[in-house]
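Here is a short tour of one protein chain, written for someone who likes to know the cut-offs behind each term. Please keep the viewer open as you read.

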Amino acid sequence: MSVRYLDCGDTAFSVEFGATIAPEINARVMGLHARIAAERAAGRLAGVVETTPSMRALMVCYDPAATTRAELQPAIEALVSGGLEAAAPTRTMAIPCCYDDPEFAPDLAEVAQRTGVSGEDVIARHLASDFHVYVLGFMPGLAYIVGLEASLELPRRSQPRVRVPRSSVGIAMNMTTIYPFDSPGGWHLLGRTPLRMFDQRRAQPVLLAPGDAVRFRRVSRAEYDAIAAQVDDGTLDWSTLEVRPS
């Protein structure tokens, strides 16, 4: 797998591992992200400010008063050539999702028809998908979550919606996502979560992060309303969403 080093202005460069969206490429991105974090924790790689993972590349930002790309890139190249172990998911997050209300799942019947299965099969396959957050982008808190069951893969809608409600759960290609705000959108909507992907009242406003594993947990409309009420009044224990190793 070839690696390219590309300029990103005068205080950053990108380490690009490939030209496609693939698990093995993103695994190397996240592996380097974790390796650099470990090096910095050990007092090495002076001058690195932060690293930002994307689908297929890692951007390395540095302080030009402390280092240069000419000094830093060889150290990064050495880490890459030394081999990068796939980083384990930093967390596994269980996201409640209501698929049962037609208002929440306006595209469920169409997705079922186009994929040749029942609506319940679509839900079951979405719930069974092995999801991982690859990158955040487009708007604050929007996670591109890869790993959709192959039988559900569809292109984006030919006619995007002008307004998709906040917290809608949609699918497109081999991904799922959760809209953090009311916004235009062209993904197929299968349900809605009572959670907010971006909430400035939290210490960490963005709920998901690159490297997270994600599972969806089916809830009824009554359960949805109960969780949404806790989110609204600030009483939800967000730590309960993280799946702890047994």
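## Starting at Met173

In which loop does Met173 lie? Met173 sits in the loop between β9 (168-172) and β10. The model is predicted, so to speak of local features a pLDDT of at least 70 is needed, side-chain atom pairs count only at pLDDT 80 or more, and totals for chains, interfaces and linings use all residues. Residues are numbered from 1 along each chain as its sequence is written, and side-chain values use heavy atoms, with hydrogens and water left out.

Met173 is partly exposed, because its relative accessibility is 32% (buried means under 20% relative accessible area, exposed over 50%, and partly exposed in between, with a 1.4 Å probe and protein chains only). Not counting residues up to four places away in sequence, Met173 touches Leu148, Glu153, Leu154 and Arg156; a contact means heavy atoms within 4.5 Å. For Leu154, which is 19 residues from Met173 along the chain, the C-alpha atoms of the two are separated by 5.0 Å.

## The chain as a whole

Five helices and 13 strands make up the secondary structure of the chain. These are DSSP runs numbered from the N terminus, with helices being H or I of at least four residues and strands E of at least two. The C-alpha trace spans about 55 × 40 × 40 Å along its principal axes.

Of the 246 residues, 48% count as buried. Among contacts in the chain with a separation of 6 or more, 64% come from residues 24 or more positions apart. The chain exposes about 11,800 Å², and carbon and sulfur atoms supply 53% of that area (Shrake-Rupley method with a 1.4 Å probe; for residues, only the protein chains shown count as cover).

## Two loop residues with positive phi

Ser167 has a positive phi of about 75 degrees although it is not a glycine. Ser167 belongs to the loop between β8 (161-164) and β9, and it counts as buried because its relative accessibility is 4%. Leaving aside neighbours within four places in sequence, Ser167 is in contact with Ile178, Tyr179, Arg192, Thr193, Leu195 and Arg196.

Leu45, too, is a residue other than glycine with a positive phi, here near 60 degrees. You will find Leu45 in the loop between α1 (23-41) and β3 (48-53). Its relative accessibility is 13%, so Leu45 counts as buried.

## Aromatic pairs

How many aromatic pairs does the structure hold? There are six. Rings of Phe, Tyr and Trp (its six-membered ring) pair if their centres lie within 6.5 Å; planes under 30 degrees apart count as stacked, over 60 as edge-to-face and the rest as tilted. The rings of Tyr5 and Phe13 have centres 6.5 Å apart and planes at 45 degrees, so this pair is tilted. Tyr5 and Phe13 are both buried.

The pair of Phe181 and Phe198 is tilted because its planes stand at 45 degrees, with ring centres 5.7 Å apart. This pair links distant parts of the chain, 17 residues apart: Phe181 is in the loop between β10 (175-178) and β11 (183-185), and Phe198 is in the loop between β12 (188-192) and β13 (213-218). Phe181 is partly exposed, with a relative accessible area of 31%. Finally, Tyr5, Phe13 and Tyr62 form one aromatic cluster.
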